[in-house]
Every structure is written in C-alpha cells, then in structure tokens.
Amino acid sequence: MVQHTRTLDFKIAFAIGLGTMIAAGIFSLSGTAVAAIGSSAVVAFVIAALIAGVTAAAYSEFASIYSENGGGYLFCSRTFEDRDLLTYAIGMSLFLGYTGTTAFYLATMDEWFFEFVLPEWLHVLPHGTTGVLTAVLLGVLNARGTEESGGFQLLVTGAKVAVLIAFIGGAFTFRGPTTAVTEFTTSFSSGAVDILTISALAFITFFGFSAIAASAGEIIEPQRTVPRAIAASMVTVTVLYAFVIVAMVNSPVPAEIIAEQGETAMGEVAAGFLGPIGRSLIVAGAIFSMVSASNASILAASSIGSLMGRQGQAPRRFSRIHPEYGTPFWSVATATAVIIVLIAVFIGVLPAEGGLGAAVGLQLGLTALTGFATLNLLLPLAVVNVALIVSRRRFPDIQRGFSVPGVPVVPVVGILANLGLIYNLPLEGVVTGLVLTGVLVVAYVVWGGAPGRKELRREVPHEPEPEAAAEAEAETTAEPTATDRHRILVPVARPGRALRYVRLAAALGSTADRELLVHVLNVTQVPDQTPWETVQDTAAARSRRIEDELDEATLDVEYIVEGHTCKDVAFDIVQTARDDDADRILMGYPERHRDVTETVGSKAPCDVFFASETVVVDDLDTINVGAGGGQHHRALLPVVDTLGKRGSDLHLINVSSGEQGTDETSLGTVDALDDVEQPAVTDVFAGSVAEGLVETAADNGGVLIVGASRDRWLKQALFGSTPDEVVRLSAQRDVPVLVYASETGVRGQLSERLFPLVRYLRKRFPRRRPTTRGTPSRTE
C-alpha cells in the first residue's frame, strides 16, 4: 500500500498564493496603469480581481473534488474525459501561459536590471540578456531538484509584503495621510475602455490563485483549506495593490516621467519617497519577487508538461523521472527552452522599438508578451468555467467540499468576463498566441498522441461484498487495538536494511510490557518539480521489496509495511508517528540528511532511537553507556536497565576530557539502574567525551548507547554535538551506536537549556560516591 502524505497547511497555502501574485505585475504595471488612468487604476485592478475571483471559485470547487496536483488541466481532463483534443488544447495553453508568464516576469526583471543595477558600460548587452541567464539558472536548479520548505515560503512571502508595506508607508509619510487621500480621490479618470484595457493587463497579477489549486495534492484537508487560502490570498493582494496605486498617485515624480519610465517607474517613485536607500530596497524587493515567482511558474509549467506526458498528449519522455535527480528533467528543460525563446523573440529580436522588428514591420515587446501570456491563461480559465457547468450536470451526486453558488449564472459571467478581457488585450500578443496555438493543435492532430495513453482517472474504491466485509470486520475485531500494543515505527530509507532494523526493533521492543507491533515505513521523497503521482510505482515497488524480504525471513514479531510519498521525509515520519500513536521510533542516523535526524529528534511525539549503519541485534548482548546527565540520557536509562535485567552486560563509561567535550559523572546513572546488581564502571581520561566513549566501547565490544545532544545553542553550533562526533568516530572504529532522543516537551526543553549550568555546578561541588553499590572497576 502506498500513501501520499500532505505537508502544506493553511498558512503555507496562503503564502504560496500571495507570494505568487506579488510579482512583476504590481512592480511593472502600477506605473503604466497610473500614467494611463490615474487613480482609476484601483478600479481596473479590482475588476481584474473580481473576474479572477469567479474562476478562482470554480478552481476551489474542483480542488475540493479532485484533491490532487494538476490544476485546470486535471479538472478539464476529469470533466471532458472523451474530448481528447480539447483537453490537449487546455494543457498546451496552460503550458504556454505559465512559460509566457515566466518570460514576462524575467523580461520585466531585465528592464529593472538595465535601469537600476547594471553599470552604463554594460548597456551594450542586448535587452533580455539577464532574463535569459536567470531562466537558464532556474532551469538548471529545477532540473537538478530543489527543496523549498513551507517555512522558507512563509519567509519569502513575508519579505515581499514587507517591501510593499515599506513603499506604501513611505508615500503616506511623505505626503501625510490627509493629503495622500485627497490627492488620490481627485485623480480618477472616466475612460471605461482604458480601464478595461488596464484590467486585461493586470489580470496576470492575480493568476497566482491557481498555484494553490495546483498544489492541492500537497495541502492538508484540501476540501477546506484550498477555498479559504484562495479567498484570503486574493483579498489580501487586492488590498495591497490598491494601496500601492494610492502611493503611486501621490508620487513626487512628475506624471510624464512615470509615463516615460513605464515598467520601472516604481523604482523612481520609491527614490522620491524614501531616498536612494528606499529605491535600493524596492529594486531588490522587485527583482527578488520576480525571480521567486518565476521559479514557481517554471514548477507549474513543468508539472503540466509531466502530466501531459503521462496522458500521451506530450512526448512520453516529459513524464520520465531523471534517475539521479528525481525530477521530470525533459519537462523542465522544455519549459526553460520555451521561456528563453519567448524572451529572445519578444524582447531581443522583435522589441517594441527598433531591432529587427522595425525592419520587418513586426514589433512586439513587453506589452505584447503580457498579452500573449494572459491570453493563454484566460482561454483555459474560460473552459474551466464551462467544465464547472458540465460537471454539475454529469456528476450531480459527487461529493463537493465547496460549491460555487449561482451555477450556471456565475460561471457564465466568468466566461463572458474572460472573453471581454481577451478582447482588450494587446492585439499583437493575442494574434501571436492564437497563431502558435493553432500550429500546435494542428501538430497534435497530425501526430495523434503517444500510443497506449492512460487516462487520468480518479480511483474510487469499490464497496466490498457483504461476506468479505463481515470477515474483515471480524478480523479487525479480533486483533488488538493500537492502544493495546507497543508500537515501534521503523522508517527505512533503503529497502535492503529493513530486515536488520525490524530485528533490532523486536529486541528493543521486548523491554515493553505489551504485545509488540513493528510498523515499517518507507518514504519516497518527491522533489518540488515532480508530481507525486509519477513516483507511485517506484514507491510501491520499494514497499513490495521490503515485504518480500521480511516474509522470507523467520521473524517472531508482528509487522506491517507501508510506502509513502512525500515532499518532506521528516514531516512524514513525525506525522505517521502521531497518526499511529507510536511509542517509539527506530531509524538510521543519516549522515547526508542531518536535517531529517534533527527534525524527527526534536518534533517526534515519542522517544526515538537513531541507529548507526553497523548495529545488529546481537550487539545488544553487551551495552556501553556514557555516564551522561542530560534529559535524553536519563530517559534511555530505563531501557538500558530492562535490557540489563534480561541478560545484557552493562558497561558504564565515565569520561574526563582534556580538551573539548563534557566531563561525565556516573553517580546518577548508577542510581538509575535499579535492576542491575553491579554494572561495570570504567573511568577514562580522553581528549573528548566522544573519543573516550568510542575507544572504551571498542575495547568492551557490543553497542554504545548515548543520549542525543543537550547543548543546542552556541556550543553545538561551534563544535558540533557529541552524538555526531560519536557516530563519526565509531564509523572509523567499527563500533555500533544507538543515539536516544526522548520526547521533548516545554519542561524538557527548559531542562536542556539549563543542563550546562547544572553540569558546571556538579563539577564545581561534587557529591561523594555512594558506598551501597560496591566499588566500580577502573581502567587507567
């Protein structure tokens, strides 16, 4: 069984939508809009937001039905299952829309670079150069695979919002609130056609809502979260945009300069409000926003290409996962190539002024590129509204977590509004887009698609027969419940190590007083660039391999095997432990992915054993334990005590260090081992605690068990933790190691923070050794 673990909650989904919308549109179109229609730019942006909101509602309803990645292409594929050419046209148009949007972002960034960043002597470079170079860089990064955590997404979005707030605050501080409002209210224009034209251009700034729906497969409780995140992000960005327009209207820069500057006018206005430092802040924020939004659009385009490859509506290699990078390499490469071609054609070869376009009588430029990208977004969005009407009629009984009110009237309004915006787009961009679309549709008809195409169908579990259901219920009733068992979760990265870890878990679980169940978990990590559906077969094959190996072995412990796919391995492990109410986790101590170890160790809802690569169950016959003193060390002592009671030889290692590390004292550890008559205590002087522990364990044989790091502040940052050093040294001496991390609550975290002080006081004012437990052995 393979499951996919979702990792994005509401705040991350909200940040994805908001961060994608704050991009080149507001930084470049605000100046153009204010120069053309003054304060009425607010009306234009609100109209664009309302039109986008209608289709966003349709996206929300579909996302509540099909909680998977794919966005509009997936929705149309599910609704128009027998309309192959239509679904191809939707996918192809969205692919061009996303790549065209990325080209628009990077071409705008290129203008900002030439205006504010590049020195004069570099202006001999062709326009579009920095955009092309950035596209290549982003393409390489996405082809090789990158990880972007939810926390990083929050940070990026917060930085973008902070830049806009600084710009808005500068305007109101410069003018004063009363003057700013008065200036804004007296600068409206009444040209309806001009307002609609700006609305058509501004629509591209609101398409970020689709990024939320396209990530539905990663969002927790998507039926509830997706509609809320879309609505919240669109309202927030509309309010921010309105205030940016108010700030632009109050610019100290003359209107003719704003009109002349066009796409880069916001940088000059920021200089008027905030001075050179303020301009640098806005320029840096604008470029940063455009690059991050471009990266998100490349991800979306490559995802569409990969899905089309699976459908057979694009070359099959688009869906192939690179064996080393784990990404849809060809889809990413194709998306990057299309972006480069669009920038080169629209900005380099056929610019709005001069260039080859002047000689051949065809001039495009940034405005035409905006029209091209927006056309290829509006057309699929119109079809998504049609699909909503069709879905309501074809599938009236399907469960919908969110329902658009007023169907079919609201979708019809959305269709007409989208077509109205297309009518007001720049003619050159629309014609170019329609011609290219026609050529690609004809090419697909001639090609006929890839053979053996599989539909993107939703798998609906069948109801079991009454007899089978009764038998399953009886079996479930006969089995102990989760609370009746001691559950050990065993995450395994490499299937070949599963048997060793299960045997080790069985031995460690024998210390519990309940029946043991070992839960083997294999998580296949999904890069951000890769649709999780494309790795399902790989994950299933790995799970079957583990099951086959365990079934062939002679095991006296009950176990279950699960395969998961997830973008965040540590999150999946922790969430599975929570969902299954695990009592312990046993996993490897990864050297290449320490972030997994640290996250599981600090966030797990139970105690965790981290095992080095060489630990086997026979190593538990002899156990070496440091004297310790921290929270994690104290928590592992009951386990060691039980193992000693069941026959393991215990060796306590009391280390005095000469250089780095922490001197240990065995008094508390000896007191905690109530069921062991007389553990062997070895006093050692070594250069570090880790060195003393490993050298002594190598001499004694058996496994070395240590508590997880206690110094999580400055000392660990400077010197590394003792467990890390123990694992490193033990690999050199072939000493098996278990690192134990106990569940850390607020009290436990405080204990960890105070431990260095407590340890110092113990060393400064030592206690006498107790005489009731015999004399420990010493090794000089």
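Predicted model: local features only at pLDDT ≥ 70, side-chain atom pairs only at ≥ 80, totals over all residues.

Q: Is the crossing in which helix 5 passes helix 13 left-handed or right-handed?
A: A crossing is left-handed if the near helix is turned anticlockwise from the far one by less than a right angle, and right-handed if clockwise. Helix 5 passes helix 13 in a left-handed crossing. Sorted by class, the residues of this contact are 24 nonpolar, 9 polar and 3 charged. Here Ala, Val, Leu, Ile, Met, Phe, Trp, Tyr, Cys and Pro count as nonpolar, Asp, Glu, Lys and Arg as charged, and the others, Gly among them, as polar.

Q: At what angle do helix 5 and helix 13 pack, and how far apart are their axes?
A: Two packed helices are described by the angle between their axes and the distance between the axes. Helix 5 covers residues 84-117 and helix 13 covers residues 265-311; their axes are 8 Å apart and the angle is about 155°. Axes are lines fitted to C-alpha atoms, for helices over the stretch in contact, and angles run from 0 to 180 degrees between N-to-C directions. Helix 5 and helix 13 are therefore roughly antiparallel, given that angles under 35 degrees count as roughly parallel, over 145 as roughly antiparallel, 65 to 115 as roughly perpendicular and the rest as oblique.

Q: What are the surroundings of phenylalanine 116?
A: Phenylalanine 116 lies in helix 5. With a relative accessible area of 19%, phenylalanine 116 is buried, because buried means under 20%, exposed over 50% and partly exposed in between (1.4 Å probe, protein chains only). Once its neighbours within four places in sequence are set aside, phenylalanine 116 is in contact (heavy atoms within 4.5 Å) with Thr264, Gly267, Glu268, Arg279 and Val283. Phenylalanine 116 and serine 280 are 164 residues apart in sequence, yet their C-alpha atoms are 8.4 Å apart in space.

Q: Is threonine 99 buried or exposed?
A: Threonine 99, also in helix 5, has 0% relative accessibility and counts as buried. Beyond residues up to four places away in sequence, threonine 99 touches Ala301, Ala335, Val338, Ile339 and Leu342.

Q: How are helix 16 and helix 17 arranged?
A: Helix 16 (residues 365-394) and helix 17 (residues 409-423) cross at roughly 165°, and their axes come within 9 Å. The two helices are therefore roughly antiparallel to each other, and helix 16 passes helix 17 in a left-handed crossing. Among the residues that meet are Leu375, Leu378 and Ala382 of helix 16 and Val412, Ile415 and Leu421 of helix 17. The contact divides into 13 nonpolar, 3 polar and no charged residues.

Q: How do helix 2 and helix 3 pack?
A: The axes of helix 2 (residues 24-37) and helix 3 (residues 41-65) are 9 Å apart, at an angle of about 130°. Helix 2 and helix 3 are therefore oblique to each other. Ile26, Leu29, Ala33, Val34 and Ile37 of helix 2 meet Ala41, Ala44 and Phe45 of helix 3. By class, this contact has 8 nonpolar, no polar and no charged residues.

Q: How many residues has the largest nonpolar core?
A: A nonpolar core is a set of buried Ala, Val, Leu, Ile, Met, Phe, Trp, Tyr and Cys residues joined through side-chain atoms within 4.5 Å. The largest one has 138 residues, and Phe27, Trp112, Phe167, Phe206 and Phe209 have the most contacts inside it. Helix 13 supplies the largest share of this core, 17 residues. Apart from this core lies another of 41 residues, among them Phe609, Leu637, Val640 and Leu738.

Note on methods: Residues numbered from 1 in each chain as written. Heavy atoms only, no water. Helix = DSSP H or I, 4+ residues; strand = E, 2+ residues; numbered from the N terminus.
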